[in-house]
Amino acid sequence: MMDPKKKHFTFSRRIEYGLYQFFDRFIGRKKIARLIGHRRNKFAKKLIDDLAKDGKGKAIPVERRKDLSLEEFKNHYRKKGIPVVMEGAANDWDCVKKWSLEYFSKLHGNDVIAYSSHELKETYETTTLGEVINNIRSGGGKYYRFYPLLKRHPEHIKDFDYKWLLERRNPLTWFEAWQVFIGGKKTITNIHMENECNLFIQAYGEKKWMIYPKYYTMVFDPEPARHLYRNPAKSEGSPIFDPFNLNVNAPPRYEYINWYETDLKPGDILFNPCFSWHTVQNTTDSISIGYRWVAPLYALKIAPLYALLDLFIKNPSIFKSAKLSVEDTNLIRVTESGNLEKYLKEKEAMERKQKMEATSV
């Protein structure tokens, strides 16, 4: 179903807003606010007024397709940047048949990890996967994102149909990353946008996705990206926008935008296009896998401005961010905090202690 509000994001508006984002990156958002803040505020108000003419925002169901052919996926959904759920496509994969919280705790509970809550910026905790899983099973509310399973345990490639995934990935890709998400009921990932495409596999439990097409970037109005991810603009002291609780402190600009919505069950695979805004909630204890990649030419086609601006991110740079994303995306947060060397020493010390305890038994 086409979003009827897309008509308000005209070519002239895209050009003007693109200039604001360009100036934010190379001049600075605060300086630009002093120079042309009045014009920018007027632009934002007129956009929201036009969106309001079509009424309050509402959910548009993501298409769910059984036996979606490879050619239709590539020529319709991937080419046009449209999300789609391939219902039950992974039902026969071992990640769906075997994985559970107990499975990971038993096999890899001693893995030393950098756990980041994502709600507290630039903070992390050096712990183990087993301790995080114990917290989840006891209702503690932790949500471990971006577990680099195949980087640490490459034998798990057998748990997927890798050929199936490769056939649906863009040609001429820069890198690929396998990231596992392990979280308890009601935990969420806040709304954000990144330059990676994603085939998202639901292995255990259930998860709800809300996806906003890239043209709504004008409404989210992000500050310049510091790494591979962008977050919506937020006034100092104001709460983070939570689409799952729209009646709680939601900024007025979000009242009139539509979104795609879907519930993933074990075996479902969601295609989430690059540069789409999205937020996720675990409706039960959940384990899922993001198979991600960056396709530079495709990204230029889908969102040329942001594909180019991403070349200028820093702390870490896009090249280091990409490397860390493959190794462990959580290390980007650790790097931002200036604690990468500290974490690596902590990790080495914990692993050394584990080995000593194992040999002394």
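## The largest cavity

In this predicted model, helix H1 (11-26) gives the largest share of the lining of the largest cavity, namely three residues, and both H1 and helix H11 (304-309) supply at least two residues each. Helices here are DSSP runs of H or I with at least four residues and strands are runs of E with at least two, numbered from the N terminus. A cavity is a set of points, on a 1 Å grid over the protein atoms alone, where a 1.4 Å probe fits but cannot get out, and lining residues have an atom within 4 Å of a point.

The structure holds one cavity of 30 Å³ or more, and the volume of the largest cavity is about 60 Å³, a volume being the space filled by probe spheres set on the points, which are joined across faces, edges and corners. Its lining consists of Gln21, Asp24, Arg25, Glu223, Pro224, Ala225, Arg230, Tyr306 and Leu309, which divide into four nonpolar, one polar and four charged residues. In this grouping Ala, Val, Leu, Ile, Met, Phe, Trp, Tyr, Cys and Pro count as nonpolar, Asp, Glu, Lys and Arg as charged, and the others, Gly among them, as polar.

## The second largest pocket

The second largest pocket holds about 830 Å³ of space, where a pocket is an open set of points with protein on both sides within 12 Å along at least five of seven lines. Its lining has 34 residues, and Lys6, Pro213, Lys214, Tyr215 and Ile302 are those nearest the centre. Two or more lining residues come from each of H1, H3, helix H9 (217-220) and H11, with H1 giving the most, five residues. By type, the lining comprises 24 nonpolar, five polar and five charged residues.

Most residues other than glycine have a negative phi.

Phe146, in strand E6 (residues 143-147), has a positive phi near 70 degrees, but Phe146 is buried (under 20%) with a relative accessible area of 7%.

## Confidence and conventions

The mean pLDDT (the predictor's confidence in each residue, from 0 to 100) is 89, and 95% of the residues reach 70 or more.

Residues are numbered from 1 along each chain as its sequence is written, and side-chain values use heavy atoms, leaving out hydrogens and water. Local features need pLDDT of at least 70 and side-chain atom pairs count only at pLDDT 80 or more, whereas totals for chains, interfaces and linings use all residues.

Definitions and conventions: Buried < 20%, exposed > 50% of the residue type's maximum accessible area, 1.4 Å probe, protein only.
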